[in-house]
Amino acid sequence: SPGCGAGGGCPVAPAGGFHLFATTVTLEVSVGKNNLVMALNGSEVQLPCIFTTCIGFKDLDFTWYYNSTEIYRGHIKNKVSEPTMLYANPRVRLTGTTTGRENNISISMFVDFDDAGKYTCHVKNPKEMNAEHNATIILKVVQEMDNTLTHIIVGTVGGLVGLLILILVIKKIVLLILKKSQEKKKECLVSSSGIDNTENGLAGSKAEQKAPPKA
Ligand SMILES: *[C@@H]1O[C@H](CO)[C@@H](O)[C@H](O)[C@H]1NC(C)=O
Ligand SMILES: *[C@@H]1O[C@H](CO)[C@@H](O)[C@H](O)[C@H]1NC(C)=O
Ligand SMILES: *[C@@H]1O[C@H](CO)[C@@H](O)[C@H](O)[C@H]1NC(C)=O
Ligand SMILES: *[C@@H]1O[C@H](CO)[C@@H](O)[C@H](O)[C@H]1NC(C)=O
């Protein structure tokens with residue numbers, strides 16, 4: 001029926017006779033928070049993918065695409081069985097497992113520069129009126145991991161050390177200024193105490209003056 005696509009709601013007609021709209025499609029495919037994967041040329045890279053569904057699954061089909069070419073196709077009978085492989089590019093192997101807590105259909109392969117591109121993990125669940133969902137990973141293959149990442153790390157660490165030094169220098173300067181101003185205050189206190197002394201002296205002399213002169 002129309003509107004019964006992935007992520008959409010399907011009309012449900014219960015035995016009672018009245019119509020009720022409910023979101024029955026709960027199928028979701030996820031490649032994790034970060035859909036950009038960086039891999040070293042010549043290294044084995046894991047392309048993560050899991051799917052979730054609230055009402056369970058039966059005879060579920062999943063497919064991995066590179067750009068738009070199929071590179072792996074599998075079938076899962078139910079939650080207590082592992083996927084059966086229907087087609088696989090010889091370089092691709094399934095590393096996920098679906099009998100555990102997650103429905104994990106991750107794949108793994110050794111990559112070179114020509115493998116960069118879009119990897120789409122697609123799932124179709126007959127138990128949810130053939131609901132489909134997919135998620136895509138962008139794979140970048142690099143010569144060395146250094147470049148940006150190392151620069152960011154070095155930059156950040158360097159930045160932090162720099163910031164720390166700056167803070168220490170500022171702290172020293174502030175302390176120096178405080179010390180100087182305190183010294184100034186001390187100087188002021190010294191000079192004012194000097195004035196006090198003079199006043200005392202004056203007062204003393206006044207007192208002396210007040211005192212009846214003795215012949
Ligand atoms: C990339 O890796 C492949 C396989 O390890 C190697 O044959 C090739 O020379 C590498 N390319 C470069 C440019 O390093
Ligand atoms: C999926 O399986 C792979 C391979 O065993 C594992 O490395 C990864 O952590 C799993 N992902 C999740 C979300 O469980
Ligand atoms: C796949 O797509 C990427 C860009 O998204 C492109 O660079 C690459 O050449 C494509 N690979 C093939 C085999 O079409
Ligand atoms: C992935 O899903 C989008 C919309 O949800 C759809 O347009 C696209 O064709 C799907 N891709 C595959 C490979 O099934």
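How many nonpolar, polar and charged residues does the shell around ligand 2 have? Let's find out with a quick tour of a predicted model, where local features need pLDDT of at least 70, side-chain atom pairs count only at pLDDT 80 or more, and totals for chains, interfaces and linings use all residues. For your selections, residues are numbered from 1 along each chain as its sequence is written, chains are lettered from A and ligands numbered from 1 in the order in which they are written, and side-chain values use heavy atoms, with hydrogens and water left out.

**First stop: ligand 2**

Select ligand 2 and show what surrounds it: Gln 46, Ile 50, Thr 95, Glu 102, Asn 104 and Ser 106 (a residue is near if one of its heavy atoms lies within 4 Å). That shell has one nonpolar, four polar and one charged residues. Here Ala, Val, Leu, Ile, Met, Phe, Trp, Tyr, Cys and Pro count as nonpolar, Asp, Glu, Lys and Arg as charged, and the others, Gly among them, as polar.

Now zoom in on the oxygen atoms of ligand 2. One is 2.3 Å from a side-chain N or O atom of Asn 104, and one is 2.8 Å from such an atom of Gln 46. At Thr 95, look to the backbone: a polar atom there is 3.4 Å from a ligand 2 oxygen. Overall, the protein covers 49% of the 360 Å² of accessible area that ligand 2 has on its own (Shrake-Rupley method, 1.4 Å probe).

**Next stop: ligand 4**

Hop over to ligand 4, with Tyr 65, Thr 120, His 122 and Asn 134 around it. Three of these shell residues are polar, one is nonpolar and none is charged. Pick Asn 134: a polar atom of its side chain lies 2.3 Å from an oxygen atom of ligand 4. Alone, ligand 4 exposes 360 Å², of which the protein buries 34%.

Terms used:
A polar contact is a pair of N or O atoms within 3.5 Å; within protein, one must be able to donate a hydrogen and the other to accept it, and residues adjacent in sequence count only if both atoms are side-chain atoms.
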